[in-house]
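Please read the numbered points beside the sequence and the model.

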Amino acid sequence: MPVAKHSYEQVASQISELREKRDDLQTILESFEDIFKEQYETGQSFQPALTGLDFTSCKKKHFDGVPFINSKNVSITWERLDALAKKICDITRPLAESGESEVENFLKLLSESPERWHDAILTGILEDRSPLKELAESTHIGYDTLIFISTQSLTPFIEKYAERLREYIDGNVWLKGSCPVCGSEPLMGRLEEENGKRHLQCYLCRTNWEFARLECPFCDNNDLKKLRYFFDEDNKHHRVELCDQCKSYIKILDTREVGDRFSLVVENLATLPLDVIAKRDGFTRDTNRLFGL
Ligand SMILES: [Zn+2]
Ligand SMILES: [Zn+2]
C-alpha cells in the first residue's frame with residue numbers, strides 16, 4: 001500500500017517550524033510556503049473529470065508498465081491553471097534574479113496567447129518534453145523556468161486525479177522508478193520506519209510507491225559497485241544516493257531515525273544544500289533545477 005500523504009496543515013506547520021531554524025533558506029522557504037498554500041487552495045476548488053478515466057484498464061496498464069494517466073485522459077480547468085501560474089510567478093519573481101525577464105516573458109505569453117502553453121503543457125509534462133522545449137525557445141522564457149512554472153501549476157490538478165487512482169497501485173506489479181500514476185520522476189524517497197523498505201514520492205502528483213532498496217530509479221542499475229551514498233554528519237537521517245552509471249542522485253529521508261511526521265515536499269527544501277554537493281560532484285537531476293541549483 002502506498003504511504004498516506006501528509007495533510008496540507010502538516011506541511012504548513014513543518015515549513016513554519018523550519019523557517020525558525022534555517023536562516024540560510026529563509027527566502028526559499030517563504031516562497032514555497034506561499035506556493036503550497038496556493039496549490040492547496042486551487043486543489044480544493046477542483047473536481048477532476050473522471051469520465052475520461054477507464055478504471056477497469058488500470059490493472060492492465062500496471063502490468064504493461066504504463067502510468068494510469070496521460071495527456072489524453074485528464075482535463076484541466078485552464079482559467080484556474082492560468083490563475084495559479086500567475087500567482088506562482090508573483091511569488092517566485094524575487095527569487096528568479098537573472099531569470100526575472102524569463103518570468104516576465106512567461107506572463108506575456110499567458111496574457112497574449114495562453115493556448116500555446118495549454119497546447120504544450122500536458123504532453124510536455126506527462127509524456128515528452130519537446131513541446132515545452134520548443135515553446136521555451138520561441139518565447140525566450142528559459143526551459144528550466146518554464147518547466148518549474150508548468151509543474152508547480154499542474155501539481156494540484158494532477159494530485160486530485162492521483163487521489164482517486166492510488167488505490168490501484170500494486171507494489172508487487174509496479175517495479176519502476178517512475179510514478180505509477182503519472183509517469184514522472186521521484187522528488188525524494190523515504191526509508192520506512194517499520195520495515196526499512198524504500199518508498200519514492202512523485203514530484204508532480206506526490207504519490208508514494210514502493211521501490212527496490214538497492215536500485216537506481218533513473219536507469220534501473222542494480223550493480224552495487226556503481227551505487228553509493230553520502231550524508232551530512234549532523235543530519236544522518238538525510239542521505240544522498242548516487243548512481244555512477246547514469247550520474248543521477250536521489251535524496252532519501254531515513255524515517256527509522258526521525259519517525260514519519262515529515263513531508264518530503266518540505267524535506268526537499270530543508271536538504272537543498274545536499275543538492276549543491278551532489279551537483280558539484282557531477283551528479284544531475286531533471287527536477288529541482290530552479291534557483292540556480
Ligand atoms: Zn505522479
Ligand atoms: Zn542510474
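What covers the buried residues of α6?

1. The cover includes α5 (100-112), α7 (130-139) and α8 (143-165); contact requires C-beta atoms, placed from the backbone, within 7 Å. The buried residues of α6 are Trp-117, Ala-120, Ile-121, Leu-122, Gly-124, Ile-125 and Leu-126, where buried denotes 20 or more other C-beta atoms within 10 Å of the residue's own. Helices (H or I, at least four residues) and strands (E, at least two) are DSSP runs, numbered from the N terminus.

2. This is a predicted model, in which local features need pLDDT of at least 70 and side-chain atom pairs pLDDT 80 or more, while totals for chains, interfaces and linings use all residues. Residues are numbered from 1 along each chain as written, and chains are lettered from A and ligands numbered from 1 in the order written.

3. Helix α6 (residues 114-126) has 13 residues and should span 18 Å at 1.5 Å a residue, which agrees with the 19 Å between its end C-alpha atoms; the expected span is 1.5 Å times one less than the number of residues.

4. The axes of α6 and α7, lines fitted to C-alpha atoms over the stretch in contact with angles from 0 to 180 degrees between N-to-C directions, come within 7 Å and cross at roughly 145 degrees. Arg-116, Trp-117, Ala-120, Thr-123 and Gly-124 of α6 meet Pro-131, Leu-132 and Leu-135 of α7.

5. Strands β4 (residues 227-232) and β5 (residues 235-243) pair antiparallel over six bridges; pairing needs at least two DSSP bridges. A hairpin of two residues joins β4 to β5.

Terms used
A residue is buried if 20 or more other C-beta atoms lie within 10 Å of its own, exposed if 12 or fewer, and partly exposed in between; C-beta atoms are placed from the backbone. Two residues are in contact if their C-beta atoms, placed from the backbone, lie within 7 Å.
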